[in-house]
Amino acid sequence: MSHAPGYRHLKYDVIEVDFYRTQVTAFRGAAMRDALKLTASFRIAVSTVAIGLALAAAASVPKVLAQAGDGHTIVGASDIKWSPAPPSIPPGAQAAVLYGDPGKEGLFVLRLKLPKGYRLAPHTHPKPEIVTVISGTFQLGMGETADQSKAKPLGAGSFLAMPPGMAHFGFTDEDTVIQLNSTGPWTLTYVNPNDDPRKKTQ
């Protein structure tokens, strides 16, 4: 009988432990539910903020583009201004300078709009020439004789790069736009001087 109090104490301790276990389990359950609610609320808040930021960024893009005053150049397709091409190439073509100045030292980007049936006689450039076909098809031939049967059709997206002094010629069977990247001052020398349109206007 002398062990009865201790037994009862141990029994109560077990009951108390079980009670705490029950409370902890209940607390964990409640905490889990609260955590899930908090996570859901957080996700909604984050989504709302993200949508707001995206809308704000979209609204600010035109302003950023319009404020490009730190030396870089942005030209939209609708902003390209076409004018008659330089007199060094046959009449009928149009040109648009997108970057730099072909008549001065430094890099430049020039687009040429060539009508159907346009012909460029064999010629050379004193500096490297990099050309990208924007639209249409540019027929490119290499050499000092304009043998069209040896020309290669370059469709939209095609690219070519030529070193200084390489003779080449070109023509079109449809309206075509090409982009020329090089360094100025840009000059063009015809293999046959009689092909130079500048002489025909003198």
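Me: How much space lies in the largest cavity?
Reply: The largest cavity holds about 130 Å³ of space. This is a predicted model, where local features need pLDDT of at least 70, side-chain atom pairs count only at pLDDT 80 or more, and totals for chains, interfaces and linings use all residues. Residues are numbered from 1 along each chain as its sequence is written, and side-chain values use heavy atoms, with hydrogens and water left out.

Me: What counts as a cavity?
Reply: On a 1 Å grid over the protein atoms alone, a cavity is a set of points where a 1.4 Å probe fits but cannot get out. Lining residues have an atom within 4 Å of a point. A volume is the space filled by probe spheres set on the points, which are joined across faces, edges and corners.

Me: Which residues are closest to the centre of the largest cavity?
Reply: Leu-120, His-123, Glu-129, Ile-178 and Leu-180, out of 16 lining residues.

Me: And which strands supply the lining?
Reply: At least two residues each come from S4 (119-124), S5 (129-135), S6 (137-142), S8 (159-162) and S10 (176-184). Strands here are DSSP runs (E, at least two residues), numbered from the N terminus, and helices are runs of H or I with at least four.

Me: What is the lining like by class?
Reply: The largest cavity is lined by 12 nonpolar, 3 polar and 1 charged residues. Ala, Val, Leu, Ile, Met, Phe, Trp, Tyr, Cys and Pro count as nonpolar, Asp, Glu, Lys and Arg as charged, and the others, Gly among them, as polar.

Me: How many cavities of 30 Å³ or more are there?
Reply: The structure has 2.

Me: Which strands does S10 pair with?
Reply: S3 (residues 106-114) runs antiparallel to S10, with 9 bridges, and S5 is also antiparallel to S10, with 5 bridges. Two strands pair if DSSP finds at least two bridges between them.

Me: What is the strand order in the open sheet?
Reply: The 6 strands run S1-S2-S3-S10-S5-S8, with antiparallel pairing. S1 (83-84) and S8 are the edge strands, each pairing on one side only.

Me: New topic. Where is Thr-187?
Reply: Thr-187 sits in the loop between S10 and S11 (189-190). Its relative accessible area is 39%, so Thr-187 is partly exposed.

Me: What does Thr-187 touch?
Reply: Thr-124, His-125 and Pro-126, leaving aside residues up to four places away in sequence. Contact means heavy atoms within 4.5 Å. Lys-127 is 60 residues from Thr-187 in sequence, with 8.6 Å between their C-alpha atoms.

Me: How much space lies in the largest pocket?
Reply: About 220 Å³. A pocket is an open set of points with protein on both sides within 12 Å along at least five of seven lines. Helix H2 (residues 197-200) gives the largest share of the lining, 3 residues.

Note on methods. Buried means under 20% relative accessible area, exposed over 50%, partly exposed in between (1.4 Å probe, protein chains only).
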